[in-house]
Amino acid sequence: MTRNDTLLVLLLFFMMMVSFVAGVFHDHIKIDQLNIQRIHVFLFNLCTGCTILLLHLKEIKKHWVVIFLLFSILFSVSAAINFFFVAICSALILTAIVEFARVKSYSFFPSNFFSLKIPVSIKFHHAALLCLSFALPLSAFSMFAHLWKIHLPPKMTVDIFFLGFSFPVSLMVMSVLFANMKDVEGIVELLIRNFIFWIVNVGVIVFFIFILAENEILQVAIALLLMVSVVMVFICYYKHALREKQFYFLFSSVFFLLLSALSGVLYVTIKSLFENYHGLGIRYILSLHRYVSLYGWNQAGIIVLLWDNKKYVSPISNSKAMIALHWLAVAVFAPCALFHWAFAAMAVVLYVSFLIIVYRHTA
């Protein structure tokens, strides 16, 4: 890596750290005029994850990636302090950059989605870009509606785009996962992989629509369908994964995905059965779902893409001790942070230690 590349990677790791700290402490620290939770999610998904999504495009020059990163930070900060005019302008500029990158790398119309000749890993990467292209202007529209008092569905707030910016990163990780599998052998395996691609993408879109419509029964149904697709991803990866490179680290990420799907189904089911229940139990399940999704599943894909930008793969990528540290931080202590600040502090120590180990073998 060049010195500029090292500085960029250092900034990305620093944002991941700040995002995590904001997440685990947001229940214990209140700052007037600052929405810490938006910093927590936008800084991780949009600023870090989506920057790496663009960084992985060979057709895009690095200065465009840097411009995207700067405007994504501006978007995140301005949204967090409710300075929506700046956030709207930033979102529109970001949309233009993403569309430029998407069309240059693929095509305006996603025709490769419908071809069995195109690997599923490429389809997922294109889908991640397309998802981001929709999420950014929709977030700008929600803020515009807020400023001009335009009536929208109650759920269509700025904060709903916690999901809107998480989905592109999740699709990007799917791309990483399938890129680390053996080549397709036979028509059945080809159809299974393409079925997974469609069920994940269509399921995510429909689930998002049902959230906006506040139809909890249909949310449960789609969550169960997505759970089935996650199980299929797990089986597919276990059978066809390349048993080298970063196998154990990616295998760990698939377990994070399974736990994310299970906690997601549990959360929407409890919400549909007990509409007015807002106790610590359901808050813990939501917290667990958020951390294993963002800092478990999404985190793993982000790190693997950073490793793949190097000319070699670090031996640390299959370190069981590093994986254990990751799980302790994300799945054990971070969800418990809502109970007491001591859990938050322990989660930060473990997560920062994990990031330092990964960074030393990345930069």
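The model is predicted, so local features need pLDDT of at least 70 and side-chain atom pairs count only at pLDDT 80 or more, while totals for chains, interfaces and linings use all residues. Residues are numbered from 1 along each chain as its sequence is written, and side-chain values use heavy atoms, with hydrogens and water left out.

Ser76 counts as buried because its relative accessibility is 0%, where buried means under 20% relative accessible area (1.4 Å probe, protein chains only). Beyond residues up to four places away in sequence, Ser76 touches Ile39, Phe42, Leu43, Leu46 and Cys47, contact meaning heavy atoms within 4.5 Å. Ser90 belongs to helix H4 (residues 84–105) and, at 1% relative accessibility, is buried. With residues up to four places away again not counted, Ser90 touches Phe71, Leu74 and Phe75.

The largest nonpolar core holds 132 residues, among which Val24 and Tyr351 touch the most other members. Helix H10 (residues 280–308) gives this core its largest share, 15 residues. Such a core is a set of buried Ala, Val, Leu, Ile, Met, Phe, Trp, Tyr and Cys residues joined through side-chain atoms within 4.5 Å.

Finally, the crossing of helices H9 and H11 is right-handed, meaning that the near helix is turned clockwise from the far one by less than a right angle.

Technical notes: Buried < 20%, exposed > 50% of the residue type's maximum accessible area, 1.4 Å probe, protein only. Helix = DSSP H or I, 4+ residues; strand = E, 2+ residues; numbered from the N terminus.
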